[in-house]
Amino acid sequence: MQSELRRAPVPTPRNGPVSRTRLPVPLLRTGKVRDVYDLGDALLMVATDRVSAFDVVLPQPVPRKGEVLTLLSAWWFERTRDVVPNHMLSVDPEEIARRYPALAATRDVWARRAMLVRKLDPFPVECVVRGYLSGSAWKEYARTGTLAGEPLPPGIFECAQLEPPVFSPATKAEEGHDENITFSRMAEIVGTATAEALRDASLRLYRHGLETAARSGIIIADTKFEFGQDEAGDIRVIDEVFTPDSSRFWPAEAHRPGGPQPSYDKQPVRDYLESLVQQGAWDRQPPGPDLPERVVQATTERYERVFQRLTGMPLAEYPLQRETLS
Ligand SMILES: Nc1ncnc2c1ncn2[C@@H]1O[C@H](COP(=O)(O)OP(=O)(O)O)[C@@H](O)[C@H]1O
Ligand SMILES: [Mg+2]
């Protein structure tokens, strides 16, 4: 019996869904999705399974969502670090627990959903790049013929490709909706040289992501980056990159400009909430309504599917040790 057990393959730790964490280290901030802990010389960013839609965090967690966000970001950070440097130090639980022994006892809560990152000074802007005309950009264009305040040629269809991609920054709102701003407004906030550097870095990253995802049959229609600065003044990408929470992912085979596209993200949650709004059962104000089990499950499946489609491997097989950068 004993030897049978020893020969069995090591199972991937399968933690239950996590809505919030309380690790025995100082909590720096709680975002919509992440709990961020201050480890002194670094931060631990723990992606929970919280899901938000229409800027409201919903009561039910989506199992494995946090793990997908963290490990998909890790996968991209590794592939884009020569394009633009980033904040990632490690996603290896072994190494994180060794460096910060205070975290060892709670490892089951944070392993696979936590990323050890450099502590940086975030710029107060969201750097959005759009390669396709969708969402709030489509609304602006349909109304005024502009995007981020700049004119675009007439006659572009909803969700059609924009070539070249357009940089359309937004302010980082603590509460509620981010507000789209013009490039010159951004330059007033962060300075012209920094605004130009962030725009160039965003466009370089986006082109790289677009080409990489295209090989998996996925269109990254648009995406949002955040950047921070280290003590030397160097710019690094922070937060998350090319995840279903920060990007619109469309299956390329289904792309039909002229209307909205099916997307690989929390679409099941949005569709369900829309149906409640239609029936007059929810007014889009917090608290968010309970999600039926089938909606939660469909959402988990989407996150897992996009992970596998992009990386070519199932979530459980992600090699955590490879990401150690220092
Ligand atoms: N390397 C970093 N240094 C400092 N702050 C960071 C770093 N990476 C991410 N952050 C910040 O941590 C928070 C992550 O939590 P998240 O749930 O994504 O927040 P939000 O609701 O603002 O999207 C964000 O406010 C982000 O700006
Ligand atoms: Mg965020």
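What follows is a short exchange on a predicted model.

Biologist: Which residue has a polar side-chain atom 2.9 Å from a nitrogen atom of ligand 1?
Modeller: A polar backbone atom of Arg34 is 2.7 Å from an oxygen atom of ligand 1. A polar backbone atom of Arg118 is 2.8 Å from a nitrogen atom of the ligand. The side-chain contact at 2.9 Å comes from His87.

Biologist: How much of ligand 1 does the protein bury?
Modeller: Start with the ligand taken alone, which exposes 550 Å². The protein then covers part of that area, and the buried share is 90%.

Biologist: How many charged residues are in the shell around ligand 1?
Modeller: The shell holds 17 residues, and the closest include Arg29, Lys32 and Glu226. By class, eight are nonpolar and two are polar. The charged residues number seven.

Biologist: Which element gives the most to the lining of the largest cavity?
Modeller: That cavity has a volume of about 60 Å³. Its lining includes Arg34, Met45, Leu69 and Asp239. Strand 3 (43-47) and helix 2 (65-80) each give two or more residues. With three residues, the top contributor is helix 2.

Conventions:
Residues are numbered from 1 along each chain as its sequence is written. Chains are lettered from A and ligands numbered from 1 in the order in which they are written. This is a predicted model: local features need pLDDT of at least 70, side-chain atom pairs count only at pLDDT 80 or more; totals for chains, interfaces and linings use all residues. Side-chain values use heavy atoms; hydrogens and water are left out. On a 1 Å grid over the protein atoms alone, a cavity is a set of points where a 1.4 Å probe fits but cannot get out, and a pocket is an open set with protein on both sides within 12 Å along at least five of seven lines; lining residues have an atom within 4 Å of a point. Grid points are joined across faces, edges and corners, and a volume is the space filled by probe spheres set on the points. Helices (H or I, at least four residues) and strands (E, at least two) are DSSP runs, numbered from the N terminus. A residue is near a molecule or strand if one of its heavy atoms lies within 4 Å of it. A polar contact is a pair of N or O atoms within 3.5 Å; within protein, one must be able to donate a hydrogen and the other to accept it, and residues adjacent in sequence count only if both atoms are side-chain atoms. Accessible areas come from the Shrake-Rupley method with a 1.4 Å probe; for residues, only the protein chains shown count as cover. Ala, Val, Leu, Ile, Met, Phe, Trp, Tyr, Cys and Pro count as nonpolar, Asp, Glu, Lys and Arg as charged, and the others, Gly among them, as polar.
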